[in-house]
Amino acid sequence: MAKETMTDFPLAAAFDEAAPRLPGSDVAWLDALRAQGISTFRAHGLPSRKVEAWRYTNLNALARAGFAAAEVDVKLAALPDGAALALDDACSIVLVNGRLRPDLSDLDRLPDGVSAEGLGDLLRRAPSRAESLIAPAPNASAGALAALNDAFLEDGLILQIEAGAKVDVPIHLVAVGVPVPGKAIAFHPRNLIVAAAGSHATFVESHIGAAQGSYFSNGLTDVRIGRGAMLTHAKFQDESAAAFHVALVRASIGEDASYDSFVLHRGAELARHEVHAAIDGSGAECRLNGAYLGTGQQHIDNTTVIEHRAPGSRSSEVFKGVLADRAHGVFQGRIVVHRDAQQTDGNQLNKTLLLSRNAEMDTKPELEIYADDVKCSHGATVGELSEMELFYLRARGIDEATARDILVSAFLSEAVSELRDETLASIFAERITGWVDARHADDAEKAA
Amino acid sequence: MALLEIRNLHATVDGKPILKGIDLSIGKGEVHAIMGPNGAGKSTLSYVIAGREGYEVTDGRILFDGEDLLELEPDERACAGLFLAFQYPVEIPGVTNTTFLKTALNAQRKGRGEGELDAMQFLKFVREKAKPLGIGDDMLKRAVNVGFSGGEKKRNEVLQMAVLEPKLAVLDETDSGLDIDALKIVADGVNAMRRPDNATLVITHYQRLLDHIVPDRVHVLADGRIIKSGGKELALDLEAKGYAQFGGAAAA
Ligand SMILES: Nc1ncnc2c1ncn2[C@@H]1O[C@H](COP(=O)(O)OP(=O)(O)O)[C@@H](O)[C@H]1O
Ligand SMILES: [Mg+2]
């Protein structure tokens, strides 16, 4: 039988050495969780492309890079300028290589109705309280990388929004990767976002690199949205060019609750953003949207699974991306409508613009429907810029490079405008314009 | 010197000869009309003048204001003062009409060494041009031509012309699909632009537009050649007798 996994990943070996140093290493439930995590990871190893969910994303380069646990304490006095999203009034919380840094965070000026604390701190101070928070939902998916996150469970953000709190200040998690020269480091932040019943909040993530160099961020974020709560969850992935970014979001959405999420990928050598959203209550809404910008040899994977488990719920997905050079994009979108989830409305759209013959997109929609009164649709297109649209713009005096830029930005704007928060939408649109302009400048340089 | 001088123009599309030796000279201050049956090559001629890719000139030349037009990129031609109102205006999702017009105008102003208009100046300017065409703010805010009716698309072409103030406007069947009121609005828009130093080439299938935009010369294009030229009465003659007299396909 063909080998299905890559088991010789050095992190598996590094675990025994790292384990005693992890916070709460003497706590029985934590010890058991980590032991279970590492044994699952050892049994499966890094997923290879024979694993269906990883069919289009090859982790060989990650395996070759041979990442070790990030036990090095990083000196970082300030955040890199202009790298994170510019959310002026936000309350920011900073993780450096997966560890919460109170000295760089606004923990002392949290808005009313919000509590934020470091997981590492909690594991040391009150591990029993952490246990109930960390326990995954019964149906939570757990792949090999989630198991690895369990094994190295160390730190992250625990964010809780009180029932009924209407929080208009965004909470901004700034996750900085700081490469360590001569050492390939890995970190496994674990975040938990709880939006209690009736609350409204906005949680934004910026993933940025402090310097050129490689690192591996293997994050896991659990999101729980209570009855009637509304959570906006936006993420900007702009890791260092040589970084590996793998993130899993496990969201559970309660009755009449709303989850509005968006991700923009711009950085990393390999990025995978995976969302498993379970709609557990009737009348709920789940929106997973995103945009991806790939150049060079970047590999960008968006994988989503939406489970409709309750009647009368809606889900919608719009993912649009632009791939240049030899960039490779992946979109896998699975929608499962369980037997009891009558009157489900699910829409999914994935559109990709290829700017080069060598760019590539794999897209796989999957509908699994067990209820009969259901409206579900999906669509996917992969295409090039329209010759006719380009000519029309040029016939009005707009030069070719500018015309291309206009069409690329216009193409992506459809995904960004899915974000209901207009301030956030315009902040992401600016990042896209920045990318388009930078590419334009690159091209001009190459032509010169 | 003529503003547009076309000499012995031959062009192919996908290797197929479409234009087979066209001679045409349009002087400043003139309006010329080209009429002809479907498939005669009218749109092909307009695309060759505008510089669309895939329309290959195999012989002949085009001078625009004394300059070799065929040497220029499509955007350079536009900046030099050439405008094509498309027979089938193109939809551009995600780009608002205002942004599109402003980018185009400022690109041309920059090309001419004039200063760019800022957002407020531009808005004032474009509203002035839009009003007589019956184009309101809602149409300016919508994505270019997306979801526009046939008539709205044609009026939008005339708006672009009014904003860009070209030296030569080529109108490719801007009248088709318009009812009589819309036709009048479009014709008034074109007439308002007429000056001693610019010119218009009206491509049309029907003579009724020429009641409103009165041409100095009328040319009949059939099978890639201009087979007859005359004064405005030629259009009436064509209306009465059809294109069949020239051996071309009958008008639709
Ligand atoms: N893209 C194309 N590829 C091949 N043939 C074309 C193309 N566009 C036009 N033609 C052909 O060129 C001829 C002239 O077309 P066109 O210029 O559109 O005529 P008109 O505008 O006078 O109706 C027609 O026979 C048409 O079929
Ligand atoms: Mg035509």
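Mentor: The shell around ligand 1 divides into five nonpolar, five polar and three charged residues (Ala, Val, Leu, Ile, Met, Phe, Trp, Tyr, Cys and Pro count as nonpolar, Asp, Glu, Lys and Arg as charged, and the others, Gly among them, as polar). The model is predicted, so local features need pLDDT of at least 70 and side-chain atom pairs pLDDT 80 or more, while totals for chains, interfaces and linings use all residues. Residues are numbered from 1 along each chain as its sequence is written, chains are lettered from A and ligands numbered from 1 in the order in which they are written, and side-chain values use heavy atoms, with hydrogens and water left out.

In total, 13 residues surround ligand 1, the closest being G39(B), G41(B), K42(B), S43(B) and T44(B); a residue is near if one of its heavy atoms lies within 4 Å. Both β2 (16-26) and α1 (42-50) of chain B supply at least two residues of this shell, and α1(B) gives the largest share, three residues. These elements are DSSP runs numbered from the N terminus: helices are H or I with at least four residues, strands E with at least two.

Polar contacts are pairs of N or O atoms within 3.5 Å. A polar side-chain atom of T44(B) lies 2.5 Å from an oxygen atom of ligand 1. For S43(B), a backbone N or O atom lies 2.8 Å from a ligand 1 oxygen atom, and for G41(B) the corresponding backbone distance is 3.0 Å. The protein covers 65% of the 560 Å² of accessible area that ligand 1 has on its own, by the Shrake-Rupley method with a 1.4 Å probe.

Conventions:
Polar contact = N/O pair within 3.5 Å; in protein donor to acceptor, adjacent residues only side chain to side chain.
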